[in-house]
Amino acid sequence: MRKHRAFPQILVAVAVLGSLFAGSAVRAGAEGNPAIDPPPGDISFDGIGPVLTGGDGASASELLIDNFSSAGYAVRWASTAVPVRFCTVQANRPSSLTAEQFRDGVRLAAAMWNGIEAAVGVTYAGDCITTRIDMDNRVNEIGWDDARDLVVGTQAGLTRGTWLTTYSGREFVEADIVLEPLRLPEACFRTVVAHEMGHAIGFGHSDTRSDLMYPSFTLSDLSTCRPTASAYEAQWLASLYGVNHRPQVTAMADREAVPGSSVSITAQATDLDGDSLTFEWRQTGGSSVSLQSDGATATATAPASGSVTLEVAAVDRYLKRGVASVILRAGVATTPAPTTPATGSFVGAIAASGMTLTQWAGGSVTSPSTASGTVRSIWVTRNGAAVGFIVGAPDFVNQPFLNLFPGGVLAAGSFVMVVTG
Ligand SMILES: [Ca+2]
Ligand SMILES: [Ca+2]
Ligand SMILES: [Ca+2]
Ligand SMILES: [Zn+2]
């Protein structure tokens, strides 16, 4: 039985904090600020006990977010607020982490939570317009501790959430994540972000070591910096928000095409929940080719050689993604497939019965067409001898003619004798 450790919540008036520190200078570090060496031993992600603050005057005892028990006070985002949008504030980022590594950590955490089939999703919007975390601006920021010193002791970060109680329960209105600028292995940094994001979508702490929402990690055992939520946590998220499935998507079979030619590829997708879907196409392998997409259909240029891999994702409103790929290979420049020669015809009128000397208008003698009569045979002269094609006769009978004119195709303008009847 999983239990949540409940500790008294210390309420902090966010508005007061905001006014207290509104004037403090924030050093915007393109290069980042010096990183703080982490403390030895266990590092708590964000302190022990409940981490969320009510925005509606709820009492301390009501603020215990006991999400791992059946009798907890859950806080969640209203479905109209999903996907939950986060942006990053780069100010005060430690020098041990590049701006892009910071963004990658957030991107991966969002993708990890979105991978769970629950009716909640997280979208990462890139860097915030603002350069300072504001706890009361209705923008969900992820950034670094500053002169306010919100993260203290052996904590790596904190999540400050506010919610309002509505007829359907407690609904978040904002959740900000403040990180201490610690010098951490990238895997542990990513875990901290994923853990805090977990709080920001409604998780409390778990007392199970193998859960992402366990309250602490230790640098002496990097396996405690786990990249994903556990199966149990996935289940819990689905019970908080309801299940929502990722779309099922299939692309066309692998293709081979003449180098440089334009190839159209179509994906088919379904969603068990009936969500409307958008499609994202990208190239995941091979030398770069042009790729243009319009919904479920994409047009790519076949590579000059080798093959390229294209991936299509069908994405629903909760950012659940179904993915399929298709390989596009450079084919040999194909010779046109042999085609049935066009019906042949004569120049001018042909007698309904008898012999007519005329000219061939083009096409094959194997299916001659005339306005009158039935063509019995067609004759040409070669080296003073007549060579005939008997319509409807077996090939061996007509072999001498077909040897001269493969497929029975006679050049337009050739003089022929036609026998009809
Ligand atoms: Ca904010
Ligand atoms: Ca601090
Ligand atoms: Ca769905
Ligand atoms: Zn935590």
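Start with Arg 138: with 8 C-beta neighbours inside 10 Å, Arg 138 counts as exposed. Keep in mind that this is a predicted model. Arg 138 sits in the loop between β4 (122-127) and β5 (140-144), and its phi is positive, near 65°, in a residue other than glycine. Most residues other than glycine have a negative phi, and most peptide bonds are trans.

Now select Asn 92, in the loop between β3 and α2 (99-114). Asn 92 also isn't a glycine, yet has a positive phi of about 70°. Is Asn 92 buried or exposed? Asn 92 is buried, with 23 other C-beta atoms within 10 Å.

Next, go to the loop between β2 and β3 (84-88), where you'll find Pro 83. The peptide bond leading from Val 82 into Pro 83 is cis, with omega near 5°.

**Stop two: helix α4**

Select residues 231-241, helix α4, and pick out its buried residues: Glu 233, Trp 236, Leu 237 and Tyr 241. They span an arc of only 115° around the axis, so they sit on the same side of α4. These buried residues pack against β2 (75-76). Step just past α4 to Gly 242, which has a positive phi of about 95°.

**Stop three: the cores**

The largest nonpolar core has 74 residues; among those with the most contacts inside it are Val 106, Val 193 and Leu 310. Helix α3 (residues 186-200) supplies the largest share, seven residues. Domain 1 (14-241) and domain 2 (248-330) both contribute, so this core lies between them. Finish with a second, separate core of twelve residues, including Trp 360 and Phe 401.

Definitions and conventions
Residues numbered from 1 in each chain as written. Chains lettered and ligands numbered in written order. Predicted model: local features only at pLDDT ≥ 70, side-chain atom pairs only at ≥ 80, totals over all residues. Buried ≥ 20, exposed ≤ 12 C-beta atoms within 10 Å, placed from the backbone. Helix = DSSP H or I, 4+ residues; strand = E, 2+ residues; numbered from the N terminus. Arc of directions from axis to C-beta. Contact = placed C-beta atoms within 7 Å. Core = buried A, V, L, I, M, F, W, Y, C linked by C-beta atoms within 7 Å. Domains from an automatic or database assignment.
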